[in-house]
Amino acid sequence: MCIRDRLNAIMGNASDIDPEVIKREYADLLCDGEQIEQAFSIIRDKWVFTDRRLIIQNTQGVTGRKREYHSIPYRSIEHFSVETSGTFDLDCEMKIWVRGLEEPLEQNFGKGIDIKQLQKMLARHLL
């Protein structure tokens with residue numbers, strides 16, 4: 001883990017993961033032909049964007065062997081927002097409103113994450 005990723009973890013911000021690396025871990029969760037486009041790690045948790053859905057992994061317990069996976073098809077996302085980083089605020093933020101939930105899903109992303117590229121990918125699947 002590089003210094004940037006360690007700092008992001010301390011701050012609770014997501015760091016990017018190479019989709020090829022995460023592909024092996026998620027092979028049993030993906031549908032036939034489903035491809036991972038972008039993936040992010042938040043300490044032990046993950047946000048994985050595929051070409052069909054968002055998978056949020058919540059790792060639980062001391063050993064981290066217990067995991068909960070939320071699968072959110074893009075058709076269930078009503079809208080989203082992104083907030084870019086500023087001069088003194090180095091992290092960026094994404095909020096996703098899912099049909100049936102009152103509050104949005106929120107995630108902060110660390111320095112070095114191209115939030116505009118992430119929102120472009122998400123928009124491509126929603127529009």
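User: Which residues form one aromatic cluster?

Analyst: The model is a predicted one. In it, Phe40, Trp47, Phe49 and Phe109 make up one aromatic cluster.

User: Why is the aromatic pair of Phe40 and Phe49 called edge-to-face?

Analyst: Two rings count as a pair if their centres lie within 6.5 Å, and planes over 60 degrees apart make the pair edge-to-face. For Phe40 and Phe49 the centres are 6.2 Å apart and the planes stand at 85°.

User: What makes Phe40 and Phe49 buried or exposed?

Analyst: A residue is buried when its relative accessible area is under 20%. Phe40 has 3%, so Phe40 is buried. Phe49 has 0%, so Phe49 is buried as well.

User: Why is the pair of Trp47 and Phe109 given its label?

Analyst: The ring centres of Trp47 and Phe109 are 6.4 Å apart and the planes are at 85°, so this pair is edge-to-face. The pair links distant parts of the chain, since Trp47 belongs to strand E3 and Phe109 to strand E8, 62 residues apart. With a relative accessible area of 6%, Trp47 falls under the 20% limit and is therefore buried. Phe109, at 0%, is therefore buried too.

User: What makes E6 and E8 the edges of their sheet?

Analyst: The open sheet has 3 strands in the order E6-E7-E8, with antiparallel pairing. Strand E6 (77-83) and strand E8 (105-109) each have a single partner strand, so one side of each lacks a neighbour in the sheet. From one strand to the next, the twist averages 15°.

User: How do you know that E7 and E8 pair?

Analyst: Pairing requires at least two bridges between the strands. Strand E7 (residues 92-98) and E8 share 5 bridges in the antiparallel sense, so they qualify as paired. Within this part of the model, Glu93 stands opposite Asn108 in E8.

User: Which helix lies across E6, E7 and E8?

Analyst: Helix H3 (residues 115-126) does, running at about 165° to E6.

User: How do you know that E4 and E5 pair?

Analyst: Strand E4 (residues 53-60) and strand E5 (residues 66-73) run antiparallel and are joined by 8 bridges. The requirement is at least two, so the strands count as paired. One of the bridges has Thr59 partnered with Arg67 in E5. The two strands form a hairpin with 5 residues between them, and Gly61 in the turn has a positive phi of about 80°.

Terms used:
Residues numbered from 1 in each chain as written. Predicted model: local features only at pLDDT ≥ 70, side-chain atom pairs only at ≥ 80, totals over all residues. Heavy atoms only, no water. Helix = DSSP H or I, 4+ residues; strand = E, 2+ residues; numbered from the N terminus. Axes fitted to C-alpha atoms, helices over the stretch in contact; angles between N-to-C directions. Contact = heavy atoms within 4.5 Å. Phe/Tyr/Trp six-rings, centres within 6.5 Å; stacked < 30°, edge-to-face > 60°. Buried < 20%, exposed > 50% of the residue type's maximum accessible area, 1.4 Å probe, protein only.
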